[in-house]
Amino acid sequence: MRIAIPKGRLQDRALAVFADAGYDVPDDADLKTRRLVFDRRGIEWIFVKDGDVPVYVEHGAADAGIAGLDQILEHECTAYQPVEFPFGRCKMMLIAAPGAPPLTKVATKYPRITRQFLDARGVRAEVVPLSGSVELAAVLKLTSHVVDLVETGETVRVHHLELQDVIAEISPRLIVGKTFYRTEPKLVRELIARVEEAVNVAKL
Amino acid sequence: MAAKPRYPTGVHPLLREETARRRRIEARFVDAFAAANFDEVVLPIIDYVEPYASLVDSAAAKQSYRFVDREGDLVAIRADFTPMLARALAPSIADGDLPLRLYYRGDVIRVEASRLGANRELFQIGAEIVGDDSVDADVAMLRLASGLVPNPSIVYNDVSISSALIAQSDSVRDALAAKRMSPDVPAALRTIVGKLISGEATIDDVAPFAPEAAARLCAIGDALGEDDVFSLHLDDIDGSSGYYTGLRFRVYANGAKVAQGGRYDNLYERFGRRAAAIGFTFTIDDLD
């Protein structure tokens with residue numbers, strides 16, 4: 001079994017979940033070696049960029065992984081999502097530039113989600129794909145709006161931007177590839193049961 | 001200007017060794033189909049979009065590569081053999097012809113969303129029994145599919161079970177698609193949906209919601225007997241094509257999906273001739 005762990009925002013909590021579930025996960029010393037693949041008691045743990053977890057799992061290069069709903073939706077990932085985690089929750093929001101100008105251009109790391117949101121609203125606006133610090137696009141008037149994840153709202157406040165609309169409630173999920181789910185039902189059931197149990201215990 | 005060294009995304013030539021390998025696999029399939037009395041048919045590589053408009057949803061339609069021909073009609077490159085075969089065959093079937101056992105082979109080109117809109121050319125071989133709605137036909141096709149690749153594992157289900165549950169509440173679709181209980185699932189369905197998700201559900205559990213499908217799955221299971229190749233997965237609902245009406249199955253080999261199929265008893269009627277049908281398609285590129 002190969003499990004994909006997202007580097008970055010969710011990495012520590014993703015590893016903690018699997019550790020709580022009784023899996024032998026790579027520790028800090030392992031991670032400092034810059035290796036990306038670790039074999040522990042028959043499970044291969046791979047570390048990939050958070051947005052790539054759905055891609056690895058969708059194509060069967062990893063059997064399961066942890067991914068945020070933002071990345072699942074952006075990649076139109078069809079993997080199963082049997083467990084939703086209580087940590088790392090945030091909102092995908094439409095945010096306006098200072099002074100709330102008309103919605104004409106939207107900067108975002110999520111062009112597909114943004115396009116679908118604008119189409120559903122019947123809004124004719126241009127999507128400007130960026131790879132980071134998207135709030136800056138609105139601050140510098142590159143775009144009228146941005147679509148991004150909002151956790152505390154601090155970035156938005158600091159830049160005098162305006163929260164306008166919630167596009168989606170985002171939470172991390174355990175995702176399991178469809179082929180793995182169908183061909184290794186016993187392994188899948190055990191994985192889901194152990195992760196679910198770890199989440200439930202953590203909640204108490 | 002130098003010519004581009006590469007090919008358009010998703011297509012590539014097969015050179016000598018790959019072609020020999022492809023033809024060997026093809027020959028194995030053709031021999032198996034001939035031995036089971038299936039006759040070959042050849043379908044065109046492009047067709048008008050309009051005759052299929054009512055039966056594919058917009059998501060499935062987006063999978064095909066479409067363009068406007070010289071007369072101004074919208075045409076699509078073949079992306080799915082099954083509806084094409086129904087359209088080709090339906091007007092020409094005489095009463096005494098049925099049942100028919102047919103097979104076909106060729107390329108399809110699909111634009112797969114999960115591959116970020118990239119085309120992919122796939123070589124497929126499929127077979128179909130038209131005009132036989134019996135359990136025997138279901139079992140014959142399952143067995144035929146199981147004999148085409150080494151060490152297969154075949155997962156089967158009946159799509160009318162999930163359809164019956166989804167008809168009661170649309171929230172069931174999301175729960176079964178994600179494999180996670182949703183608070184929107186109504187109280188009356190929580191037990192059965194929970195059991196489906198956890199894999200505990202039995203045919204007896206689903207029988208009250210879809211009695212005919214349950215009885216049919218029992219009959220299929222009895223006919224297959226004790227056989228590790230086949231396993232019933234009652235929670236399986238996904239499928240890109242919307243025309244399946246009953247039995248649905250997928251074939252896995254070496255940890256990858258290599259074929260899928262099922263029963264589509266209403267498809268021929270859309271093209272003017274009532275005829276039950278069951279078929280499957282192997283994607284040869286997915287074999288070793």
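**Exercise 1. How many residues of chain B are in contact with chain A, and how many residues of chain A take part?**

Solution. The model is a predicted one, and the predictor assigns the complex an ipTM of 0.86 together with a pTM of 0.89. Counting pairs whose C-beta atoms lie within 7 Å, one finds that 14 residues of chain B are in contact with 15 residues of chain A. The next step is to ask where the residues of chain B come from: strand 7 (153–158), strand 9 (247–253) and strand 10 (256–263) of chain B are the elements that give two or more residues to the side touching chain A. Sorted by class, that side of chain B has 5 nonpolar, 5 polar and 4 charged residues.

**Exercise 2. Describe the fold of chain B, and explain why chain B counts as being as compact as a globular protein of its length.**

Solution. Begin with the secondary structure, which in chain B amounts to 9 helices and 11 strands. Turning to burial, 33% of the 288 residues of chain B count as buried. As for the contacts in chain B between residues at least 6 apart in sequence, 67% of them join residues at least 24 apart. Where pLDDT is low, the predicted coordinates should not be read in detail.

**Exercise 3. Into which domains is chain A divided, and where do their bounds lie?**

Solution. Chain A is divided into domain 1, which is made up of two segments (2–88 + 171–203), and domain 2 (90–168). The C-alpha centres of domain 1 and domain 2 of chain A lie 29 Å apart. At the boundary, 4 residues of domain 1 of chain A are in contact with 6 residues of domain 2 of chain A, and the side of domain 1 that touches domain 2 divides into 2 nonpolar, no polar and 2 charged residues.

**Exercise 4. What are the secondary structure and the extent of chain A?**

Solution. The secondary structure of chain A comprises 9 helices and 11 strands, and its C-alpha trace spans about 55 × 35 × 35 Å along the principal axes. Of the 204 residues of chain A, 41% count as buried. Among contacts in chain A between residues at least 6 apart in sequence, 67% join residues at least 24 apart.

Definitions and conventions
Residues are numbered from 1 along each chain as its sequence is written. Chains are lettered from A and ligands numbered from 1 in the order in which they are written. This is a predicted model: local features need pLDDT of at least 70, side-chain atom pairs count only at pLDDT 80 or more; totals for chains, interfaces and linings use all residues. Helices (H or I, at least four residues) and strands (E, at least two) are DSSP runs, numbered from the N terminus. The radius of gyration is taken over C-alpha atoms; the globule rule is 2.2 Å times the number of residues to the power 0.38. A residue is buried if 20 or more other C-beta atoms lie within 10 Å of its own, exposed if 12 or fewer, and partly exposed in between; C-beta atoms are placed from the backbone. Two residues are in contact if their C-beta atoms, placed from the backbone, lie within 7 Å. Ala, Val, Leu, Ile, Met, Phe, Trp, Tyr, Cys and Pro count as nonpolar, Asp, Glu, Lys and Arg as charged, and the others, Gly among them, as polar. Domain bounds come from an automatic or database domain assignment.
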